[in-house]
Amino acid sequence: MRVVAVHLLNDFSGSPKVLMQLLNSCAKKNIETHLYTCGGRNGFLSDIPKINTHFYWYRFANNTVIRLLFFTSSQLFLCLKLLFFLKKSDVLYVNTVLPFGAGIVGLIRGCKVIYHIHETSIKPKILKCFLFGVVKKSATEVIYVSNFLANQENMKNSKNVLYNVLEEDFVRRAQQHLNRDKNAKIVLMICSLKAYKGVNEFIKLAQMNLHITFKLVVNANQNDIDDYFKNQKKSKNLIVYPTQKDTHPFYQDASILVNLSDVNSWVETFGLTILEGMAYGLPAIVPPVGGVVELIEDGVNGYLIDSKKVEIISKKINELLTNSALYKSMSKYSIEKSKFFSQDYFDNEATRIIYK
């Protein structure tokens, strides 16, 4: 048996990181594993030991029409590559709904097709209907990253919930920095450089709280950051960082972690950065909708607040930073809750799904 995994855009975001964890799990079990992803980019899927990596063409474009053209072309290239590579005995593991070409070829070849679904907010609607339609036709098994997503996008294929998890090395590094004194009050947000991710609300919170440092780590280069902020009023207590391969130093220094996604435009289906922050004992403020509510309990290890309610969020930030008993209680519960999301849990569940 071979496992053939397919992903579109290799970068340092959540979905390729989860696939990297699965590929490492396959490698530990000495399963012959192949990865198809776009070439020319550095990310979590780059240079994974014991994994046979194959590349197909894809290029991102800011223009919507050109981006759709590039995306469709990439899937045609992927179809041609997989058509002459896949065997009926292969397990085809499609990460996110985007590589629809893999699902089509898997259906033609009669493979076991496993879709690992991370997303629900896809626009335009016609594209979402098409992509999820391919899943319905081709998938033997469907994996969702949260119960929320499983209920939101229930396609009546064999359904599994497999939470994103923390790698063992990540947990070890986090444990080395627990309970240490922090010299500054820092609010951290890690996200894509998009308005619907709450970047503008984060800017406003910084302006409202000049006595607190706000750090924003975005999945973008410095030119994109400069372009985004050229018409924005940026206070001195707001520091913006480009794409970071190693986010540990940011979690180590932070006091509070926030996710400010606009639930009307983008629903978080899990929230891997929130889980990573929990391992560091960080209380989190997140939206009251989506997979993040399976990580954060309101008033226990953080708060569930709509990102548009910046005044309430600001109040909660200040309360956490001034009430040490409340902060310690939330920090302790965050660490305890994060322990469920372990690499052993992920490996056992992934193996069960692949082999059943």
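I took buried to mean under 20% relative accessible area, exposed to mean over 50% and partly exposed to mean in between, with a 1.4 Å probe and protein chains only. The model is predicted, so I kept to the rule that local features need pLDDT of at least 70 and side-chain atom pairs count only at pLDDT 80 or more, while totals for chains, interfaces and linings use all residues. Residues are numbered from 1 along each chain as its sequence is written, and side-chain values use heavy atoms, with hydrogens and water left out.

**Entry 1: salt bridges**

I looked up the salt bridges, each defined as a side-chain nitrogen of Lys or Arg within 4 Å of a carboxyl oxygen of Asp or Glu, and found that the structure holds 15 of them. Helices (H or I, at least four residues) and strands (E, at least two) were read as DSSP runs, numbered from the N terminus.

I began with Asp347 and Lys28, whose side chains meet in a salt bridge at 2.9 Å, N to O. Asp347 lies in helix H13 (residues 343-355) and Lys28 in helix H1 (residues 14-28), so this pair ties together parts that are 319 residues apart in sequence. I noted that Asp347 is buried at a relative accessible area of 6%, whereas Lys28 is exposed at 53%.

Next I looked at Glu268 and Lys197, which form a salt bridge with their closest N and O atoms 2.9 Å apart. Glu268 sits in the loop between strand S11 (256-258) and helix H10 (272-279), and Lys197 in the loop between strand S8 (186-191) and helix H7 (199-208), 71 residues apart. Here Glu268 is buried at 10% relative accessible area, and Lys197 is buried at 11%.

I then turned to Glu201, which forms a salt bridge with Lys308, again with the closest N and O atoms 2.9 Å apart. Because Glu201 belongs to helix H7 and Lys308 to the loop between strand S13 (302-304) and helix H11 (310-322), the pair ties together parts 107 residues apart in sequence. Glu201 is buried at 12%, while Lys308 is partly exposed at 45%.

I also recorded a network of salt bridges that links Lys17, Glu167 and Glu276.

**Entry 2: the sheet and its helices**

Counting two strands as paired if DSSP finds at least two bridges between them, I traced an open sheet of seven strands in the order S3-S2-S1-S4-S5-S6-S7, with parallel pairing. Strand S3 (52-56) and strand S7 (158-161) stand at the edges with a single partner strand each, so one side of each is left without a neighbour in the sheet. The twist averages 20° from one strand to the next, with axes taken as lines fitted to C-alpha atoms, for helices over the stretch in contact, and angles running from 0 to 180 degrees between N-to-C directions.

Within the sheet, I checked that strand S1 (residues 2-6) and strand S4 (residues 91-95) pair in the parallel sense over four bridges, and that Val6 stands opposite Val94 in S4.

I saw helix H2 (residues 64-83) lying across S1, strand S2 (32-38) and S3, at about 135° to S3. Helix H4 (residues 125-138) lies across strand S5 (112-117) and strand S6 (141-144), at about 145° to S5.

**Entry 3: Ala220**

I found Ala220 in the loop between strand S9 (213-218) and helix H8 (222-229), where Ala220 is buried at 10% relative accessibility. Taking contact as heavy atoms within 4.5 Å, and leaving aside neighbours within four places in sequence, I listed Leu193, Ile225, Pro242 and Thr243 as contacts of Ala220. Ala220 and Lys194 are 26 residues apart in sequence and 9.9 Å apart in space, C-alpha to C-alpha.
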